[in-house]
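Please read the following report with the sequence and the structure open beside it.

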Amino acid sequence: MTTKVPSELVSDQVFGRRNLFINGDMQVAQRATSATGQTGTGFHTVDRWEFVASSAGTWDISRSTTVPSGEGFAYSQKLDCTTADSSLDAGNYLIWRQKIEGINLQHLKYGTSSAEKLTLSFWVRSAKTGTYIVEFYNNNSAGIKLQSQSYTISSADTWEKKTITIDGDTALAFQNTTDGELLVYWWLAAGSTYSGGGSLNNSWNSSVANNTRAVGVVNLADSTSNDWYITGVQLEVGADATPFEHLTFDEQSSLCKRYYQQYSGFHAMPMWTYGRSNGSFQFVLEKEMRSQPSASYSGTLGSLNNANYCGIYETDWVTISSITLSPTSHESGNTKMIRIDSAHPTNTFASNNVAVGFYAGDNFLLIFDAEL
Amino acid sequence: MEGVMNITAAKYYKSPNMIGDATTIKATIDGQELSVPMIESNRHYKAILAWVEEGNEIEAAD
C-alpha cells in the first residue's frame, strides 16, 4: 500500500530521523540528575553525554530546567564551576562530548565523492562570554582525521542558538562498526598542548598538531562564577539547521538503553544452586545493548532489610559472599542476557540444584554499561 | 583524549560450571567493581588492555 502526500505539503520537509545525536534535549538521565564535585571523566548525569576533564577545576553537573524560552525544551545540561583553575597546565582540558556509532553514519557517504555536509545546531548559555570550540573527530582505525570550528557566546547568561556546517570528507570513510567512529567535542578549556598553536585546524586533516585543536578557546574553569548550559543539540545531514527533532520520552529512552541500563526492585527472581555454595540466574535485558556490557551493582548484599539491599532466600535469608554479573559465560557474544552468579559460604544451601529466590530493594541497582 | 580510568585490581572470572577459558574480568575501575566482558568493543576492557600494556597483570581465576 502506498500513501501519497500532496507536494504542496512536503516541499520544505525533510523526511525520516534527522538527529545523529541521542538525547540532544537532555530528557533522559538514568544515572542521576545531578553529580557534585566532579573533576574527572565520566557519564555523570544525562545519558550519552560524557564529561571529559583533566585537572580543569571542580564541577557540579546537573540536568537543569533552565531552558531557552519558547523552544519546547524541558531540560538542559548545566556545568557549574565550584573550584576554579585560572592557570591551566599545558596538558589540562575540559570537554563535553558524544560519540556516534559507525553503523549510524554510513548514509553520510564519507570517503566518496558524494560525502554529505553536516550541520550542527545547539542552544548554549554561559556566564563567560568569548570563543568556544567544537571539534569533529573521525576515529578511523586506518588513521584519524579531525577538524575544529569556533563559535562565540556574545552575551552573558543569555541563551544563544549556534549553527555550524562542515563539508563532507571525500577521502576518509566512517568505518561501519558499532564503535565510536564520529566524536564531537565541545572544548570548554584547554592548556597550551591543545590550544597553543598559531591557528585553528578548521578543515578535515590528518596528522593534526594537537596544539591547533582548540586555539582561542576560553578557560571556562577560570572562575567559580562560570557555568555552561546546553540543550537542543542536533547534528544532521545537509547545509541547513532544521528545527530540533523532538522525540517522545519513550523513543529517546529506548535509544539510550542501547548504551546503559539499570534495574532495581526484584521480587523472588528464580535462581538455581550449583553445588551448595553458588547460585545463578539468567536476566533478560529490556533492550539489546550495543555490545556485551560491563556489569556492576550498587547496594548491600544481605537480607532484604531495606531498599538498599539485595537478598537470596531459601528457607531463610542466606549469607551472600559476592555477586558477579557475567556478561558472557555460556552466551559468548550475547548482548541481550546477563548471567548473575552469587557465591556463598561453604554449604550455605540445603542441597545442590534447588530453586531459591533473588530479591532486591528499590535502591539496589544492577547496572549494565555498553557506552562508547 | 580518552579519559583515564584508574584501575586498581583485575582478576579473571569463570562461572562455576563454565567450560573453557574465562571470558570475564572482575576489575576495580575508578573505585567501582565491574564485571567486564573480554571483547574489544567494551571500553572498560580496552582500558584493562592498556593497563596490562603498562606492565600490570590480571590475576588468574579462582
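Glu50(A) counts as buried because its relative accessibility is 6%, under the 20% cut-off. In this predicted model, the side chain of Glu50(A) meets that of Arg97(A) in a salt bridge, 2.9 Å from N to O. The two residues belong to distant parts of the chain, 47 residues apart: Glu50(A) sits in strand β2 (residues 50–54) of chain A and Arg97(A) in strand β5 (residues 93–101) of chain A. Arg97(A) is also buried, with a relative accessible area of 1%.

Over all chains, the count comes to 16 salt bridges. Another of them joins Glu245(A) and Arg17(A), whose closest N and O atoms are 3.0 Å apart. This pair also links distant parts of the chain, 228 residues apart. Glu245(A) lies in the loop between β11 (227–237) and α3 (249–256) of chain A, and Arg17(A) in the loop between α1 (7–10) and β1 (34–38) of chain A. Are these two residues buried or exposed? Glu245(A) is buried, at 10% relative accessible area, while Arg17(A) is partly exposed, at 47%.

A further salt bridge is formed by Glu160(A) and Lys162(A). Glu160(A) is buried at 10% relative accessibility, and Lys162(A) is buried with a relative accessible area of 13%.

| Glu50(A) | Arg97(A) | 2.9 Å |

Next come the domains. Chain A is divided into domain 1 (7–254) and domain 2 (260–369). The contact between them takes 7 residues from domain 1 of chain A and 5 residues from domain 2 of chain A. The centres of the two domains, taken over C-alpha atoms, are 37 Å apart. Together the domains bury about 570 Å², with 39% of that area on carbon and sulfur atoms. On the side of domain 1 of chain A, the residues that lose the most area to domain 2 of chain A are Gln30(A), Arg31(A) and Ser254(A), which together make up 70% of what that side buries.

How many salt bridges are counted between domain 1 of chain A and domain 2 of chain A? The count is 1 salt bridge. The side of domain 1 of chain A that touches domain 2 of chain A has no nonpolar residues, 3 polar and 4 charged.

Gln261(A) is found in strand β12 (residues 260–263) of chain A. Its relative accessibility is 1%, and Gln261(A) therefore counts as buried. Beyond its close neighbours in sequence, up to four places away, Gln261(A) touches a set of residues that includes Gln30(A), Leu285(A), Met289(A) and Phe368(A). A polar atom of the side chain of Gln261(A) also lies 2.8 Å from the backbone oxygen of Lys257(A).

The remaining topic is the contact between the chains. Chain B gives 24 residues to this contact and chain A gives 37 residues. The area buried between chain B and chain A is about 2,300 Å², with 47% from carbon and sulfur atoms. Across this interface there are 13 residue pairs in polar contact. On the side of chain B that touches chain A, β2 (24–29), β3 (32–37) and α1 (43–53) of chain B each supply at least two residues. The largest share, 6 residues, comes from β3(B). That side divides into 9 nonpolar, 10 polar and 5 charged residues.

Arg43(B) is one of the buried residues of α1(B), along with His44(B), Tyr45(B), Ala47(B), Ile48(B) and Trp51(B). What covers these buried residues includes β15 (294–298) and β21 (365–369) of chain A, as well as β1 (7–13), β2 and β3 of chain B. In an α-helix, residues three or four places apart point the same way, because there are 3.6 residues a turn. At the start of α1(B), a side-chain oxygen of Asn42(B) comes within 2.8 Å of the backbone nitrogen of His44(B). Just after α1(B), Gly55(B) has a positive phi of about 105°.

Conventions
Residues are numbered from 1 along each chain as its sequence is written. Chains are lettered from A and ligands numbered from 1 in the order in which they are written. This is a predicted model: local features need pLDDT of at least 70, side-chain atom pairs count only at pLDDT 80 or more; totals for chains, interfaces and linings use all residues. Side-chain values use heavy atoms; hydrogens and water are left out. Helices (H or I, at least four residues) and strands (E, at least two) are DSSP runs, numbered from the N terminus. Buried means under 20% relative accessible area, exposed over 50%, partly exposed in between (1.4 Å probe, protein chains only). A polar contact is a pair of N or O atoms within 3.5 Å; within protein, one must be able to donate a hydrogen and the other to accept it, and residues adjacent in sequence count only if both atoms are side-chain atoms. Contact means heavy atoms within 4.5 Å. Domain bounds come from an automatic or database domain assignment. Buried area is the accessible area (1.4 Å probe) that two parts lose on being put together, summed over both. A salt bridge is a side-chain nitrogen of Lys or Arg within 4 Å of a carboxyl oxygen of Asp or Glu. Ala, Val, Leu, Ile, Met, Phe, Trp, Tyr, Cys and Pro count as nonpolar, Asp, Glu, Lys and Arg as charged, and the others, Gly among them, as polar.
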